[in-house]
Amino acid sequence: MPEQPIIRIEDLHFTYPGDSAETLRGLSLEIAEGSFVAVLGHNGSGKSTLAKLLNAILLPTSGKVYVCGRDTEDEEHLLDIRRSVGLVFQNPDNQIVANVVEDDVAFAPENLGVEPQEIRSRVDEALRTVGMYEYRLHAPHLLSGGQKQRVAIAGALAMQPRVLVLDEPTAMLDPLGRREVISTVERLCRERGMTVVLITHHMSECVNADRLIALSDGMVTADGTPREVFSQVELLKREGLTVPATVRLLYALREAGFDVPLDALSVDECADAVAALLLARGRV
Amino acid sequence: MESIIRTEKLTHVYSRGTPFEKTAIHDVNVEIYRGELVAVIGHTGSGKSTFMQHLNGLLRPDEGGVYVEGEDIFATKEATRDVRFKVGLVFQYPEYQLFEETVYKDIAFGPRNMRLSEAEIDERVRESARLTGVGEELFERSPLELSGGQKRRVAIAGVMAMRPRVLILDEPTAGLDPAGCAGVLKNITDYREATGSTVLLVTHSMDDAARIADRLIVFHEGTIAMDGMPEEVFSRQRELVDMGLDVPQSAAIADALRARGVQLPSSIYTSRRLREAVVALAKGVAPC
């Protein structure tokens, strides 16, 4: 029997109170435990709403969301669900509450009434995991954006969640901070088996995901491996999503009648494919 | 070319005399020419924002000076005040600074402070709204009701309406989705075309810089590490990555192709030019 998905969404509809239009219009998805799933979509596509439905900050207007087999509308399981799904938001300054890094990371387990000794070990471990242990006694406001986001991730990890949902965690960071956060998240998934749902509009952050889901107007418009999704150039353009320069180049060659693969995503793969074509045509 | 801004040995030290003393910029000498669109690039803490805040007198240098149209902006109080109108600054996340009851009043705020006539104010509000794609049907709406992208355009329009000779924008595309980014960049190039103003774009997005800038200035550890045309700067990929910066993906592909023996000119660093050049090569036409 196949393993039960850690998140199961059935015909999910959501409308914000007072809105006439639906934000999510019939979403059905299953997310496998331990996978790294990227969710792409332009502003207003419903991706942040989806994040909030995954840990019962919002509840479905109709349809169901199950986390670890539990219905998010079942109040009895609310605490369990909140513990199972850690959320990290866009703005690091809005989610850090304490004056010292380790106090901030301890905030959630303290609220859950975890034993002090247990808190100590969870905080240390979470900070080591994101590479911020040396900064445990620093003041968060003096850290860089990437460091603050890693502290926010550590805060989520201290709850020992099974799923980490990150809503545009790098939107306010510079390239270095972006790399720090994405490599931390990738490591969590690959080495610790954490299920990761990364909501983003940076294509470069999705390249290593197991699966990429494109949302548009509250519906899934593409769902597959990054290679499969990125090769649907026309669809992505129509949805206002940028296509990586590698794929755009290969696509232009195809349009001009040349036989090149569309799924050479990385710079080196793309250069290999293009160089091979030019060599075969005697242009090098 | 005629110089519009010049800095001489510009140095700024934060928290001088305390344990937190930090030299943010050191001995920066730069000349910006009239009509240029310059991207100022650097990672967080490189000094680029400190540098920029000197250009309209928000920060006072610890050493050195800033000259706008040849005039020392710190010479007198009047000179420092005048420079606020000559050099317009759009801060990061400017949408948080909207405060008026209506979009129209918000855009009109700057020109009104300049004590212009009502007719002049009205003309400027309409012009900058048009340049930023803010429809007149939004004029009587509260800025708080607009979408994030619209709010940002209104905030940018408010600074453009002061018709500064130099417009400086700090991370104008941060946090916007690809369509929003493309829209704001187009507003900036439209504005520059319509007014001939000098524009400084502070960013850490190499893609934004590649798309619209004539010249790139790269800050690193408080000094200017590179200053040149985009193709010159993007050809130093390894150094840029070591500084914690990105290279536009198209520049990286072009570089990888060159390493594989493909002859491509160094002027190729945008997706469009790369596609044109490679397709032309494949078809057997020499790329131009």
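Biologist: How many residues lie between E9(B) and E10(B) in their hairpin?
Modeller: Two residues lie between them, and Glu221(B) in the turn has a positive phi of about 50°. Helices (H or I, at least four residues) and strands (E, at least two) are DSSP runs numbered from the N terminus. This is a predicted model, where local features need pLDDT of at least 70, side-chain atom pairs count only at pLDDT 80 or more, and totals for chains, interfaces and linings use all residues. Residues are numbered from 1 along each chain as its sequence is written, chains are lettered from A and ligands numbered from 1 in the order in which they are written, and side-chain values use heavy atoms, without hydrogens and water.

Biologist: How many bridges join strand E9 to strand E10 of chain B?
Modeller: Two strands pair if DSSP finds at least two bridges between them. Here five bridges join E9 (residues 215-220) to E10 (residues 223-228), and the strands run antiparallel. His220(B) has Thr223(B) in E10(B) as its bridge partner.

Biologist: What area do domain 1 and domain 2 of chain A bury between them?
Modeller: The size of an interface is often given as the accessible area lost when the parts come together. That area is computed with a 1.4 Å probe and summed over both parts. For domain 1 and domain 2 of chain A the value is about 580 Å², 71% of it on carbon and sulfur atoms. Arg227(A), Phe230(A) and Ser231(A) supply 80% of what domain 1 buries against domain 2.

Biologist: Which side chains meet in a salt bridge?
Modeller: The term requires a side-chain nitrogen of Lys or Arg within 4 Å of a carboxyl oxygen of Asp or Glu. Arg227(A) and Glu269(A) meet this way at 3.0 Å, N to O.

Terms used:
Buried area = accessible area lost by both parts, 1.4 Å probe.
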